[in-house]
Protein chains: 2
Amino acid sequence: MNRVSVLSVAFAVSVVWIFMREDHVHSDEGMWLFNNPPRELLKKKYNFDLTDAWLEHLQKASVRFNDGGSGSFVSPNGLTLTNHHVGAESLQKLSPKGKDYYRDGFLATSFEEELKCPDVELNVLQSIEEVTARVNSAVKPEMLPSQAAAARRAVMAEIERESLEKTKLRSDVVTLYQGGLYHLYRYKKYTDVRLVMAPEHGIAFFGGDTDNFEYPRFDLDVCFFRVYENGKPAHSEHYLKWSSEGPIEGDVVFVSGHPGSTNRMETVAKLQHRRDTTLPYALNLMRAREALLIQFSERGPEQAKMARSDLYRVANARKALTGQYQGLLDPAIMARKLEEENGLINKISADPAKKDAYGSAWQRIADAQKTLAQFEHEYALIEQGHAFDGHLFRIARHLVRLAEEKAKPSAQRLREYRDSNLESLEFELFSPAPIHAELERVKLAGALSFLAQNLGGEHPLVVKIFAGQSPAARAASLVDRTKLADPAERRKLAAGGKEAIDQSDDSMIRLARLIDADARALRKQFENEVEEVERQAYAQIARARFDLYGTSQPPDATFTLRLAFGVVRGYQVDGVDLPYTTTFGGAFERAERQQYREPFGLPKRWLDSKDKLDLAAPLNFVTTADTIGGNSGSPVVNRAGEFVGINFDRNRHGLVRNFVYTDEQARHIAVHSRGILYALQTLYHADRLVQELLGKQ
Amino acid sequence: MNRVSVLSVAFAVSVVWIFMREDHVHSDEGMWLFNNPPRELLKKKYNFDLTDAWLEHLQKASVRFNDGGSGSFVSPNGLTLTNHHVGAESLQKLSPKGKDYYRDGFLATSFEEELKCPDVELNVLQSIEEVTARVNSAVKPEMLPSQAAAARRAVMAEIERESLEKTKLRSDVVTLYQGGLYHLYRYKKYTDVRLVMAPEHGIAFFGGDTDNFEYPRFDLDVCFFRVYENGKPAHSEHYLKWSSEGPIEGDVVFVSGHPGSTNRMETVAKLQHRRDTTLPYALNLMRAREALLIQFSERGPEQAKMARSDLYRVANARKALTGQYQGLLDPAIMARKLEEENGLINKISADPAKKDAYGSAWQRIADAQKTLAQFEHEYALIEQGHAFDGHLFRIARHLVRLAEEKAKPSAQRLREYRDSNLESLEFELFSPAPIHAELERVKLAGALSFLAQNLGGEHPLVVKIFAGQSPAARAASLVDRTKLADPAERRKLAAGGKEAIDQSDDSMIRLARLIDADARALRKQFENEVEEVERQAYAQIARARFDLYGTSQPPDATFTLRLAFGVVRGYQVDGVDLPYTTTFGGAFERAERQQYREPFGLPKRWLDSKDKLDLAAPLNFVTTADTIGGNSGSPVVNRAGEFVGINFDRNRHGLVRNFVYTDEQARHIAVHSRGILYALQTLYHADRLVQELLGKQ
């Protein structure tokens with residue numbers, strides 16, 4: 001699945017990637033800025049004229065799911081298409097007792113039947129404004145790293161506050177090229193999002209973890225929502241027209257979505273740190289969580305239902321991280337990275353002025369890794385919260401910090417509490433979605449054990465957090481003695497401000513208070529001693545590259561809207577040709593070979609209708625376009641800007657794309673627009689939806 | 001499952017446990033030596049007269065499965081009963097293409113139909129001889145630790161060689177009380193072991209990983225073998241008579257088996273080291289292996305079959321280790337350990353002579369942990385082979401070392417290559433059991449990744465072992481270019497001696513050669529700087545305890561025959577009474593509640609026969625007797641020495657028994673003799689077997 005993984009966000013230190021290879025114009029690499037698209041490249045390589053109108057239309061038809069996915073408008077009435085796995089949590093939360101929309105699917109046959117999600121926020125990018133000069137002018141050369149970081153945070157918050165006040169649009173200053181550029185992104189925000197249609201989990205995620213990141217693939221990974229305004233379906237002026245035929249081999253296509261993070265221009269020292277410190281820790285964390293969730297799921301059907309969205313997310317992250325790790329363990333990839341780095345350093349060293357301006361960057365980054373290694377696990381466990389896995393602690397942490405941060409001017413707050421972000425944060429914080437105490441207890445106990453596993457049982461933080469109890473006993477007493485599962489209680493505490501928080505004897509609030517000073521200290525250390533040092537050093541490297549190779553290259557991914565392009569094309573594995581598309585019939589063949597064991601048991605609807613289906617109808621297809629986690633749900637469009645598919649995954653050869661782009665075998669995988677339409681018509685009898693997609697409504 | 005786990009053996013440093021609490025005579029704690037049984041205690045507590053004849057009979061009816069389990073003779077014709085999970089590997093290896101005895105069960109209706117296992121060795125203890133004085137006399141006070149260790153190894157090997165020559169019996173000098181005593185154990189060995197009967201996996205391991213280490217439980221975890229001599233069923237003079245009625249609540253029972261290892265008398269520093277270094281590493285290893293094997297199993301039914309015995313073993317170890325870890329994370333357990341330790345140290349400190357003789361032990365052990373921490377992971381990865389998981393490397397390692405070690409006098413060899421052990425080792429080494437290249441590749445690639453995950457990608461050993469390739473590529477080339485899957489090739493290399501090994505260009509032999517010097521250096525460091533230091537220090541502590549508390553206490557477990565005793569008794573959890581026994585009907589109820597999902601889908605035979613069954617018939621029961629991994633398959637006998645059940649597991653409260661014995665909730669779990677008989681009669685129609693068990697054949 002191509003959703004932003006929890007960890008890739010948690011560990012992302014977004015950095016610049018500028019092509020170094022001479023042949024870069026021949027590759028389809030790149031997650032391009034909408035305000036700096038690859039016009040010449042597209043003209044030259046594919047004879048495609050990228051017009052402003054084409055681009056604006058695609059931009060405003062593209063949607064960001066604020067919790068980690070992408071999507072698009074596919075009708076003028078706010079109809080929004082994303083992946084089933086992006087909609088999964090909502091499907092789960094919307095299922096009343098006795099129903100299971102996640103497993104069994106859902107279809108609204110009228111507006112009235114569309115179900116309002118408790119906490120989905122969608123963003124649609126309206127404009128991008130260059131603010132680099134203003135941000136840079138706030139940071140003076142003589143400042144210490146800690147002062148520089150504070151000044152930059154302050155000016156960014158101020159720009160966002162002004163913009164919000166003026167436009168009422170969600171306003172985020174985005175750091176591009178790791179500080180080379182700062183752009184202000186303004187989004188229209190939708191918070192009334194309703195479920196329209198979802199197929200069964202058994203076909204949306206056919207093949208499950210086994211086939212995740214694999215191809216050939218047979219997934220109807222789609223989910224339809226609709227955005228509402230003032231209680232009525234919103235008018236979405238910009239939407240993608242549906243291509244009933246979809247793509248064929250050799251077609252040029254575009255992917256418009258929100259890739260989460262890439263690390264392609266990291267220095268070798270940083271990559272070695274990831275390989276030897278960050279990823280081993282992250283893999284241990286994911287495997288520990290996965291083992292725990294599998295255990296929990298086996299308690300019974302109810303527990304399996306509670307845990308499954310966590311479980312899929314964790315399994316997906318484990319697989320993605322494993323792929324990344326394997327990439328970094330490959331001496332050939334590291335050798336290529338080292339060669340590129342040495343090439344750049346040699347060029348710089350040959351020119352005294354350049355050497356003076358940029359030469360110190362690599363050592364500074366290497367030194368920062370040594371600093372980071374000393375407290376990275378503590379930082380991840382205590383500040384990023386890996387030691388306190390679960391909804392209840394996250395809520396408590398926000399309440400405790402909100403009370404403290406709100407008392408400060410916006411510019412001085414921890415960044416997630418800046419004025420311009422508060423509405424989104426509170427929307428999430430006060431979500432009425434149910435919280436399962438049994439699962440929370442188990443997750444928290446596991447996380448506390450993981451804390452001790454990493455820091456040791458005598459570590460002062462462990463002793464303090466355990467408070468003389470075993471992890472299981474401590475977790476049980478924390479979960480059983482908090483009222484934060486109730487949104488009303490959260491609102492009450494939030495409204496009471498610092499006094500209410502200070503006086504609360506809620507167990508989870510007490511835990512969040514207990515470790516807040518430690519957590520903030522770790523964050524400060526990270527921001528000042530690592531993040532700021534890296535930011536300045538990477539900015540040096542970025543300028544060096546601008547100097548040497550020019551400025552027309554896209555920055556690393558930052559979970560903001562990007563345009564990728566590529567060609568619909570199959571590939572070879574071990575001498576076997578894999579075609580560009582799979583078919584409905586292929587799904588039945590794969591199920592048959594796997595003896596219909598889970599996760600290969602097709603939905604009853606599919607099994608019953610097999611004889612009536614056109615088994616040659618296309619289901620999934622692959623292209624060379626450059627995607628990463630966060631692109632889940634991204635529309636794939638053709639030259640005419642029509643919807644021809646929806647991205648949902650990479651193949652395993654694409655898992656190293658965090659670090660290097662290749663297109664020999666690496667592909668992203670999408671659901672075919674003809675396949676979606678065919679399934680809606682033939683299997684789901686979703687006539688209303690089909691009419692709307694075809695513009696006949 | 002109560003089999004010896006790979007890791008508990010790998011990490012075991014067997015140590016002494018002497019009771020410290022004043023009330024120890026009131027507890028059922030203890031895995032007692034057969035040559036020093038708790039006669040007075042049994043007389044006093046249960047008014048039971050333990051006679052020499054009773055004890056000898058039980059000893060010679062008890063069987064050790066050399067690869068990690070226990071069992072017993074249950075007829076005069078060599079019929080041997082153990083757990084299904086102890087027989088699992090044989091069931092797997094014996095299944096011809098198209099058959100699956102592991103999944104579907106097996107029943108031989110005549111001697112001719114009994115199937116010979118490729119590599120099962122059974123040991124039956126014949127005698128125990130005290131050799132402490134001779135061992136100790138070889139070690140002089142002025143020796144350095146390395147000299148002391150070598151001298152002790154030499155004299156032990158010499159004693160074993162003499163005994164083997166004289167008696168032709170397998171002869172092992174066993175270190176008890178971590179060096180307080182040395183006993184020579186002589187075993188009759190059976191290597192012609194044939195499969196007689198196994199039920200379906202679905203009832204043998206009903207509830208799977210979910211119910212493993214849980215109670216109430218509903219497992220028919222049995223498997224019948226028969227030992228042969230000279231091609232005919234062996235005459236087993238000592239065998240256990242079957243109790244058709246089995247035990248009821250309050251009965252005193254005895255468990256005779258081979259507990260693998262316990263660590264009850266370790267110092268607090270050692271336990272902290274386990275908690276903070278050894279167990280976190282081991283948990284990460286188990287979770288990594290488990291994730292890998294689950295992935296592999298999902299490739300398809302064939303792969304699932306290949307991987308399942310590995311998967312069950314790993315999942316079992318993961319669960320057992322998690323339980324141990326949770327025990328050590330419990331501040332209450334650590335506080336109790338610390339209190340006991342301080343009590344002993346205070347008593348010693350009060351007496352200058354004792355202080356002088358024993359007082360330094362604790363610091364020496366603590367220091368040894370600091371030394372160990374510096375290379376423990378390297379030792380585990382390189383010498384214990386965690387970096388090279390799979391049959392092929394294990395074979396290569398043995399071939400390379402055999403060639404070198406055989407050239408030395410037995411007394412100077414690495415201990416596993418001493419003359420008295422060679423026959424067993426070669427029996428395993430030349431096993432014709434199939435080796436699956438696909439699984440070997442995946443396991444080896446995973447293990448190489450785990451190596452890098454722990455040591456870092458730049459570690460000289462990692463660089464050397466990877467040889468410029470990624471883990472997957474390196475593993476594939478290693479597995480694809482070795483011929484060691486063929487037993488004839490192994491025999492040829494073994495017969496060729498050092499010259500053949502030195503000249504071999506077999507990929508796996510080359511790998512084993514490549515790292516042998518490193519591995520041996522790590523082993524030497526472990527044996528000299530940790531093991532020997534600990535051995536001497538623990539021997540001091542043992543003598544201190546003898547001084548203070550007397551000598552009539554059992555040593556820690558060492559995978560040698562022990563006698564435990566206890567009472568058949570239910571217990572309470574969260575105020576709910578759990579009865580001492582479960583029933584056939586209970587299995588159906590549990591399956592129903594779990595909607596017959598795997599691992600709760602009962603075998604068809606059971607489902608079809610439900611209406612004909614006496615659902616009140618007993619299936620499993622629990623007792624307070626003291627068991628640990630390795631006791632799997634141990635017979636449970638009544639006062640009359642009759643077979644009343646077969647141990648197969650502990651409950652989760654018993655998982656801390658590595659460190660402390662409790663009997664408030666901790667229980668071992670056994671299959672009821674009446675339940676076994678009833679199932680054989682009613683469900684399996686195993687008439688020949690039933691007649692034999694009832695002595696009517």
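The following questions and answers examine how terms applied to this predicted model follow from its computed values.

Q: What makes chain A as compact as a globular protein of its length?
A: Chain A has 26 helices and 21 strands. Its radius of gyration is 25 Å, close to the 26 Å that the globule rule gives for 697 residues, so chain A is as compact as a globular protein of that length. Along the principal axes, the C-alpha atoms of chain A fill a box of roughly 70 × 65 × 50 Å. Of the 697 residues, 54% count as buried. Among contacts in chain A with a separation of 6 or more, 79% join residues 24 or more positions apart.

Q: How do you know that domain 2 of chain A touches domain 3 of chain A?
A: The domain assignment places domain 2 at 122-190 and domain 3 at 376-553 of chain A. Two residues are in contact if their C-beta atoms lie within 7 Å. By that criterion, 17 residues of domain 2 of chain A are in contact with 17 residues of domain 3 of chain A. The C-alpha centres of these two domains lie 23 Å apart.

Q: Which element gives the most to the side of domain 2 of chain A that touches domain 3 of chain A?
A: That element is α7(A), with 11 residues. Both α7 (145-167) and β8 (170-176) of chain A supply at least two residues of this side. By class, the side has seven nonpolar, five polar and five charged residues.

Q: Why is α7(A) called roughly perpendicular to α22(A)?
A: The helices α7(A) and α22 (residues 516-549) of chain A pack at an angle of about 80°, with their axes 9 Å apart. Angles of 65 to 115 degrees count as roughly perpendicular, so α7(A) is roughly perpendicular to α22(A). On α7(A), the contact is made by A:Pro145, A:Ser146, A:Ala148 and A:Ala149; on α22(A), by A:Glu527, A:Asn528, A:Glu532 and A:Val533. Four residues of this contact are nonpolar, two are polar and two are charged.

Q: Why is A:Val268 called partly exposed?
A: A:Val268 has 18 C-beta neighbours inside 10 Å. A residue is buried with 20 or more such atoms and exposed with 12 or fewer; the value of 18 lies in between, so A:Val268 counts as partly exposed. A:Val268 is found in helix α10 of chain A. Leaving aside residues up to four places away in sequence, A:Val268 touches A:Lys337, A:Leu338 and A:Glu341. A:Val268 and A:Glu340 are 72 residues apart in sequence, with their C-alpha atoms 9.6 Å apart in space.

Q: What makes B:Leu283 buried?
A: The cut-off for a buried residue is 20 or more other C-beta atoms within 10 Å. B:Leu283 has 24, so B:Leu283 is buried. B:Leu283 is found in helix α10 (residues 268-297) of chain B. From B:Leu283 to B:Lys319 the C-alpha distance is 9.2 Å, at 36 residues apart in sequence.

Q: How many residues does each chain bring to the contact of chain A with chain B, and which helix of chain A supplies the largest share?
A: The contact takes 36 residues from chain A and 36 residues from chain B. On chain A, the largest share comes from α10(A), with 10 residues. Helices that each supply at least two residues of this side include α10 (268-297), α11 (301-329) and α17 (437-455) of chain A. The side of chain A that touches chain B has 12 nonpolar, 14 polar and 10 charged residues.

Terms used: Residues numbered from 1 in each chain as written. Chains lettered and ligands numbered in written order. Predicted model: local features only at pLDDT ≥ 70, side-chain atom pairs only at ≥ 80, totals over all residues. Domains from an automatic or database assignment. Helix = DSSP H or I, 4+ residues; strand = E, 2+ residues; numbered from the N terminus. Nonpolar A, V, L, I, M, F, W, Y, C, P; charged D, E, K, R; others polar. Rg over C-alpha atoms; globule rule 2.2 N^0.38 Å. Axes fitted to C-alpha atoms, helices over the stretch in contact; angles between N-to-C directions. Parallel < 35°, antiparallel > 145°, perpendicular 65-115°, else oblique.
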